[in-house]
Amino acid sequence: MTQHLLAIDQGTTSSRAIIFNASGQAIATAQQEFHQYFPKDGQVEHEAGEIWQSTLAVCREVLESSGLDASTLAGIGITNQRETTVIWDRKTGEPIHRAIVWQDRRTASVCTKLKSDGHEGRVVERTGLLIDPYFSATKIAWILDHVDGARQRAEAGELAFGTVDCWLLWNLTGGRSHKTDATNASRTALFNIHSQQWDDELLTLFRVPRALLPEVLDSAADFGTTDRQWLGASVQVAGIAGDQHAALIGQACFEPGMAKSTYGTGCFLMLNTGEKALRSENRLLTTMAYRLNGKPCYAMEGSIFVAGAAMQWLRDGLKLISHASESSDYASKVGAENPVYLVPAFTGLGAPHWDPHARGAILGLTRDTGIGEIVTAGLQSVCYQTKDLIRAIQNDGASLQALRVDGGMVVNDWVMQFLADILNVPVDRPRVTETTALGAAYLAGLQTGVYQGLDEIAQLWEREHRFEAAMKPALRETLYAGWLDSVERVCNN
């Protein structure tokens with residue numbers, strides 16, 4: 001039996017495909033960026049067709065560069081940017097509107113009204129989520145309300161909704177599979193994480209017709225087979241998970257209390273809580289970790305909207321650097337005791353603040369401030385925001401012995417050391433940092449028999465480096481107090 005698995009990692013700014021062997025080693029990678037659309041302040045959109053075309057292109061490219069034929073693959077795993085909302089015509093497969101991205105805040109006023117009307121308690125109880133524009137439910141309703149005839153067509157069963165995994169699966173299977181997994185379903189604010197079903201009361205509350213919705217399967221399941229025209233052979237799609245859940249699996253955080261933090265466009269910290277769906281008193285989310293063999297595993301999550309995207313803005317927007325790798329040189333010269341703070345609230349603030357109206361700011365500027373201080377502040381903002389999440393987790397009574405990290409930013413040693421210093425927790429960087437794609441591959445491997453269970457996958461995880469806290473407590477407290485003061489200045493809550 002073949003032991004190669006194709007992972008599709010469809011992210012916010014790029015689509016990637018990676019082929020892994022059974023040992024969890026990447027043997028070929030392909031990546032393609034695609035366009036971001038910002039129609040108005042706080043609005044972020046993608047062309048769903050561009051997402052599909054870029055995904056197909058990287059899948060073909062990675063097969064060619066690896067020298068493998070699609071017919072030899074054991075299976076395909078998909079991991080994706082979550083909450084991003086696509087609605088399309090079931091007959092033509094054409095989207096009826098651009099995809100509304102998870103970062104988009106256009107439904108902030110709707111969410112404020114729902115909260116003021118007293119509905120948040122019911123939503124939290126059933127979904128583990130807060131009422132926020134971040135999640136899919138209000139995005140779906142917005143599209144149905146703003147595209148002529150869409151609501152009537154949706155109720156008539158002519159339209160389909162999906163998060164990005166579902167949209168890709170539909171296209172890969174030639175429209176035969178309209179399915180998603182429990183992790184992606186759990187991010188819509190329409191899925192009851194306790195009953196593991198779409199919730200009729202929530203569908204009514206958010207005004208979403210049931211006829212739009214996909215079938216929900218386990219994270220490792222038979223999602224269908226690809227149409228032969230795309231890759232040259234039919235391949236089983238055998239695993240799906242939202243990107244943060246896939247990263248948790250790729251990091252082998254299978255025991256309650258184990259945690260990972262992923263640093264990509266945003267930053268997402270997830271703590272495995274096992275069979276118990278723990279409710280946060282500090283505005284963190286309760287969510288699915290994964291669902292295997294019909295058995296849910298839960299997690300507590302903190303979501304930061306802007307991490308790597310802050311460095312992308314410094315590079316492309318302000319043009320202070322020409323490549324993200326330059327940032328560590330600046331930071332090494334400036335040092336940790338940087339008096340400048342960058343609060344990257346470009347699309348509001350996520351956990352634990354949940355302020356959709358907050359906007360970004362740079363504070364502490366003096367005549368001595370230069371590019372180095374601003375760039376360093378951008379890096380530090382990622383670590384400070386992680387500290388916000390860790391503090392909330394600790395206030396909820398959970399303890400953290402170490403933090404496993406992954407994503408594009410973790411190759412930066414300076415950032416990882418500052419992260420360990422400001423958190424006062426060891427930070428473990430794995431040998432394989434492409435853990436999001438790896439998690440999708442592991443799920444496909446579980447379904448197709450490449451792996452016999454989670455214990456076998458856990459044995460494959462290896463630590464490349466541990467960063468230990470070395471900062472003096474007084475400095476840590478002073479720096480973090482400056483951050484909290486800066487955040488308070490941009491918040492509207």
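Colleague: Which strands does helix α13 (residues 371-395) lie across, and at about what angle does the helix run to β15?

Modeller: Helix α13 lies across β14 (259-263), β15, β17 and β20 (403-406), and the helix runs at about 25° to β15. This is a predicted model, in which local features need pLDDT of at least 70 and side-chain atom pairs count only at pLDDT 80 or more, while totals for chains, interfaces and linings use all residues. Residues are numbered from 1 along each chain as its sequence is written, and side-chain values use heavy atoms, with hydrogens and water left out. Helices (H or I, at least four residues) and strands (E, at least two) are DSSP runs numbered from the N terminus. Contact means heavy atoms within 4.5 Å. Axes are lines fitted to C-alpha atoms, for helices over the stretch in contact, and angles between N-to-C directions run from 0 to 180 degrees.

Colleague: Which strands does helix α14 (residues 413-423) lie across?

Modeller: Helix α14 lies across β14, β20, β21 (427-430) and β22, and runs at about 150° to β21.

Colleague: What is the order of the 7 strands that form an open sheet?

Modeller: The order is β16-β17-β15-β14-β20-β21-β22, with mixed pairing. β16 (285-292) and β22 (463-467) each have a single partner strand, so they stand at the edges, with one side of each left without a neighbour in the sheet. From one strand to the next, the twist averages 30°.

Colleague: What makes β15 (residues 267-274) and β17 (residues 295-304) a pair?

Modeller: Two strands pair if DSSP finds at least two bridges between them. Here 7 bridges join β15 to β17, so by that rule they pair, and they run antiparallel. Leu 271 stands opposite Met 300 in β17. Strands of a sheet pair through backbone hydrogen bonds, either parallel or antiparallel.

Colleague: In what order do the 5 strands of the other open sheet stand?

Modeller: That sheet reads β3-β2-β1-β5-β13, again with mixed pairing. Its edge strands, β3 (26-33) and β13 (237-242), each pair on one side only. Neighbouring strands are turned by 15° against each other on average, direction ignored. β2 and β3 run antiparallel and are joined by 7 bridges, and Gln 31 in β3 is the bridge partner of Arg 16. Helix α1 (residues 48-66) lies across β1 (5-10), β2 and β3, at about 30° to β2.

Colleague: Why is the contact between Glu 434 and Arg 16 called a salt bridge?

Modeller: A salt bridge is a side-chain nitrogen of Lys or Arg within 4 Å of a carboxyl oxygen of Asp or Glu. The closest N and O atoms of Glu 434 and Arg 16 are 2.6 Å apart, so the pair qualifies. Glu 434 is in the loop between β21 and α15 (435-448) and Arg 16 in strand β2 (residues 14-20), 418 residues apart. By this rule the count comes to 32 salt bridges.

Colleague: What does the salt bridge between Arg 82 and Glu 301 tie together?

Modeller: The closest N and O atoms of this pair are 2.6 Å apart. Arg 82 lies in the loop between β5 and β6 and Glu 301 in strand β17, so parts that are 219 residues apart in sequence are tied together. Both Arg 82 and Glu 301 are buried.

Colleague: Which residues does the UniProt annotation "binding site" cover?

Modeller: According to the unreviewed UniProt entry, the annotation covers Arg 82, Glu 83, Tyr 134, Asp 243 and Gln 244. Arg 82, Glu 83, Tyr 134, Asp 243 and Gln 244 from this set are in the lining of the largest pocket. UniProt positions are given in the numbering used here, feature names are shortened, and annotations may be inferred rather than shown by experiment. On a 1 Å grid over the protein atoms alone, where a 1.4 Å probe fits, a pocket is an open set of points with protein on both sides within 12 Å along at least five of seven lines, and lining residues have an atom within 4 Å of a point.

Colleague: What makes Glu 83 count as buried or exposed?

Modeller: Its relative accessible area is 2%, so Glu 83 is buried. Glu 83 lies in the loop between β5 (75-80) and β6 (86-89). Among the residues Glu 83 touches, not counting those up to four places away in sequence, are Trp 102, Tyr 134 and Arg 187.

Conventions: Buried means under 20% relative accessible area, exposed over 50%, partly exposed in between (1.4 Å probe, protein chains only).
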